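Please read the numbered points below beside the sequence and the model.

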Amino acid sequence: MVVSCSAYGCTNRRQKENGIHFHRFPLKRPEVLKKWLHEIRRKNFTPNQYSYLCSEHFTPSDYLNESRPELDKKLLKDEAVPSVFKFPTLC
């Protein structure tokens, strides 16, 4: 299964050694999920267990200092909310 980013306009896909990490939506934490959904601004989008956002939508401060290099995985803080997006500007 191809893992791709669910953010508007983002075309990142999981590939070996591209340095981009993918994070599942916090489906079991409704308050945090609500914040994620607000930030991604996608109408009629309902994430499921196969929905991801890539690391390009998070700031360095969203990550725990104790990343796991042996797993090639960066760990998000529990309260992390995506905040880096490139939305089209309205004229």
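1. A residue is called buried when its relative accessible area is under 20%, and exposed when that area is over 50%; values in between count as partly exposed. By this rule, Trp36 and Phe58 are both buried. Please bear in mind throughout that the model is predicted.

2. The largest nonpolar core comprises 20 residues. Cys5, Phe22, Phe25, Trp36 and Leu53 are those with the most contacts inside it. Helix α1 (30-40) and strand β2 (52-54) each contribute at least two residues to this core. The largest share, four residues, is supplied by α1.

3. Apart from neighbours within four places in sequence, Phe25 is in contact with Ser6, Leu33, Trp36, Leu37, Ile40, Phe45, Pro47, Ser51, Tyr52 and Leu53. Phe25 also belongs to one aromatic cluster, together with Trp36, Phe45, Phe58 and Tyr63.

4. The aromatic pairs come next. A pair of aromatic rings is described by the distance of the centres and the angle of the planes. The count comes to five aromatic pairs. One of them joins Trp36 and Phe58, which are tilted, at 5.4 Å centre to centre and with 55° between the planes. This pair links distant parts of the chain, as Trp36 lies in helix α1 and Phe58 in the segment after β2, 22 residues apart.

5. How are the rings of Phe85 and Phe87 placed? Their centres are 5.3 Å apart and their planes stand at 25°. Planes under 30 degrees apart count as stacked, so this pair is stacked. Phe85 is buried, with a relative accessible area of 17%, whereas Phe87, at 22%, is partly exposed.

6. Two charged side chains sit over aromatic rings. The charged end of Arg14 is placed over the ring of Tyr52, 5.6 Å from its centre. Lys74 lies over the face of Tyr63, at 4.2 Å from the ring centre; Tyr63 is one of the members of the aromatic cluster in point 3.

7. Finally, Ala80 lies in the segment after β2. Is Ala80 buried or exposed? Its relative accessible area is 5%, so Ala80 is buried. Leaving out residues up to four places away in sequence, Ala80 touches Val32, Trp36 and Asp62. Ala80 and Asp62 are 18 residues apart along the chain, and their C-alpha atoms are separated by 5.1 Å.

Methods:
Residues numbered from 1 in each chain as written. Predicted model: local features only at pLDDT ≥ 70, side-chain atom pairs only at ≥ 80, totals over all residues. Heavy atoms only, no water. Core = buried A, V, L, I, M, F, W, Y, C linked by side-chain atoms within 4.5 Å. Buried < 20%, exposed > 50% of the residue type's maximum accessible area, 1.4 Å probe, protein only. Contact = heavy atoms within 4.5 Å. Phe/Tyr/Trp six-rings, centres within 6.5 Å; stacked < 30°, edge-to-face > 60°. Lys NZ or Arg CZ within 6 Å of the ring centre and 35° of its normal.
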